[in-house]
Amino acid sequence: MRKTKYIASGGLAFSEEEDMKKLSSLSEEGWIAKKLAPFGYVCKRGESKSLQYAVDYRKDADDEYFAYFEEAGWTHVSTAVNYIHLFSAPEGTTPIYTDKPSTIEKYEAEKRVMGRAALPTLLITIALFMLYPLSDLNWMADIFGEVGIVLGYVSMIVLVFTGMPYLGFRRKVHKLRKS
């Protein structure tokens, strides 16, 4: 019998609520989330519990930050990339974000972080792909165009991991403001 299980995430920018519901459902079956993992979560087999989960974003969180959550009944489960924090609490515990303005602020901050990475990456990607048509001109060697295409595809991969979350958080903020 397996003691750990990897649960894929739909991407926190797109399916945070669904991911948290999935983790809550799994805890009822005895699969307790133990850590954030690349593109998902690691759960360990344990005693069935009625838990709810929540994610918060805070770079370089200190002891005071975690103490605040602990006082509110939330247990720190795991941190990824030094700013994504997963918490759990017994069902019925007051949610971390209870009002719309603070929820918008949470996602707005994430949108800004992703946007700061996505915009330069977008510009670099465009510039690299522009090297190819420019290499047809006599003043630039063909190798620059070919290297630009290869590096453009590499840059595009980075753009997917920054631009897509940016769009996801932007959509969340927009939906919250409209509701």
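**View 1. Helix α1 and its kink in the predicted model.** In this predicted model, helix α1 spans residues 12-28 and has a kink of about 40° centred on Glu-18. The buried residues of α1 are Leu-12, Ala-13, Ser-15, Glu-16, Asp-19, Met-20, Leu-23, Ser-24, Leu-26 and Ser-27. Just after the helix comes Gly-30, whose phi is positive, at about 95°.

**View 2. Asp-19, a buried charged residue in α1.** Asp-19 has no salt bridge although the residue is buried. Leaving aside residues up to four places away in sequence, Asp-19 touches Ser-9, Gly-10, Gly-11, Leu-12 and Tyr-41.

**View 3. The largest nonpolar core.** This core has 25 residues, and those touching the most other members are Met-20, Leu-23, Tyr-41, Tyr-53 and Leu-86. At least two residues of the core come from each of α1, β2 (31-37), β3 (40-45), β4 (51-57), β6 (84-90), α3 (100-134) and α4 (142-178). With five residues, α1 gives the most. In soluble globular proteins, nonpolar side chains tend to be buried together.

**View 4. The surroundings of Leu-86.** Not counting residues up to four places away in sequence, Leu-86 is in contact with Met-20 and Leu-23, and also with Ala-33, Leu-36, Tyr-41, Tyr-53, Ala-54 and Val-55. Thr-75, His-76, Val-77 and Ser-78 are touched by Leu-86 as well.

**View 5. A cluster of aromatic rings.** The structure holds 11 aromatic pairs. One of them joins Tyr-65 and Phe-66 edge-to-face, with 5.1 Å centre to centre and 80° between the planes. Tyr-68 and Phe-69 form another edge-to-face pair, at 5.7 Å centre to centre and 80° between the planes. Tyr-65 is buried, with a relative accessible area of 6%. Within the second pair, Tyr-68 is exposed, with a relative accessible area of 59%, whereas Phe-69 is buried, at 5%. Through ring pairs, Tyr-65, Phe-66, Tyr-68, Phe-69 and Phe-87 are linked into a cluster.

Methods: Residues numbered from 1 in each chain as written. Predicted model: local features only at pLDDT ≥ 70, side-chain atom pairs only at ≥ 80, totals over all residues. Heavy atoms only, no water. Bend = angle between axes of the 7 residues up to and from the residue. Helix = DSSP H or I, 4+ residues; strand = E, 2+ residues; numbered from the N terminus. Buried < 20%, exposed > 50% of the residue type's maximum accessible area, 1.4 Å probe, protein only. Phe/Tyr/Trp six-rings, centres within 6.5 Å; stacked < 30°, edge-to-face > 60°. Lys, Arg positive; Asp, Glu negative; His and termini not counted. Salt bridge = Lys/Arg side-chain N within 4 Å of Asp/Glu carboxyl O. Contact = heavy atoms within 4.5 Å. Core = buried A, V, L, I, M, F, W, Y, C linked by side-chain atoms within 4.5 Å.
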